[in-house]
Amino acid sequence: MELVDVGFGSMISPRRLVALIGPDSAPVKRMIQEAREAGNLVDATYGRRTRSVLIMDSGHIILSAIESEAVSERMNKRERHSGEEDGL
C-alpha cells in the first residue's frame with residue numbers, strides 16, 4: 001500500500017485523494033464546517049494553522065498543516081520513486 005505523509009506522521013493513500021485545495025475561501029470553510037458536523041473531518045494539523053485541505057473519495061476531509069504544493073510534491077516524488085522500482 002502506498003502512503004504519503006501529509007504532516008507530522010499522518011499518512012494518506014494518494015489513490016483515494018480527489019482534490020487538494022487551499023483552506024481560505026468561504027466555500028471551503030463551509031465544507032470543513034459541514035464535515036465537522038457530520039463527523040467526516042480529520043484534523044491532522046496537530047494544533048497548527050491549516051494550510052491545505054484534502055478531499056477523499058470516501059467523503060472525508062483531511063486538514064493538513066503542510067502547504068498544498070508540498071503535499072503535491074511529496075505525491076509526485078512517491079510516483080516517480082515507485083515508477084523506478086517497477087522498471088518504468
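I looked up Arg 51 first: Arg 51 is partly exposed, with 34% relative accessible area. I use buried for under 20% relative accessible area, exposed for over 50%, and partly exposed in between (1.4 Å probe, protein chains only).

The model is predicted, so I kept in mind that local features need pLDDT of at least 70, that side-chain atom pairs count only at pLDDT 80 or more, and that totals for chains, interfaces and linings use all residues. Residues are numbered from 1 along each chain as its sequence is written, and side-chain values use heavy atoms, with hydrogens and water left out.

**Salt bridges**

I searched the whole structure and found four salt bridges. The term means a side-chain nitrogen of Lys or Arg within 4 Å of a carboxyl oxygen of Asp or Glu.

Arg 51 meets Glu 67 in one of them, at 3.9 Å from N to O. Glu 67 sits in the loop between β6 and α2, and Arg 51 in the loop between β4 and β5, so the pair ties together parts 16 residues apart in sequence. Helices (H or I, at least four residues) and strands (E, at least two) are DSSP runs, numbered from the N terminus. Glu 67 is partly exposed at 38%.

Next I checked Asp 5. It bridges to Arg 74, with the closest N and O atoms 3.8 Å apart. Asp 5 is in strand β1 (residues 4-7) and Arg 74 in helix α2 (residues 68-85), so parts 69 residues apart in sequence are tied together.

Then I took Asp 57 and Arg 16, whose closest N and O atoms are 2.6 Å apart. Asp 57 lies in the loop between β5 and β6, and Arg 16 in the loop between β2 (10-12) and β3, 41 residues apart.

**The sheet**

I traced an open sheet of four strands, in the order β3-β5-β6-β4, with mixed pairing. Its edge strands are β3 (17-21) and β4 (41-44), each pairing on one side only. Two strands pair if DSSP finds at least two bridges between them. β4 and β6 (residues 61-64) pair in the parallel sense over four bridges. Leu 41 stands opposite Ile 61 in β6.

**Arg 49**

I also looked at Arg 49, in the loop between β4 and β5. Arg 49 is exposed, at 53% relative accessible area. Beyond its neighbours within four places in sequence, Arg 49 is in contact (heavy atoms within 4.5 Å) with Ser 64 and Ala 65. The C-alpha atoms of Arg 49 and Ala 65 are separated by 5.7 Å.
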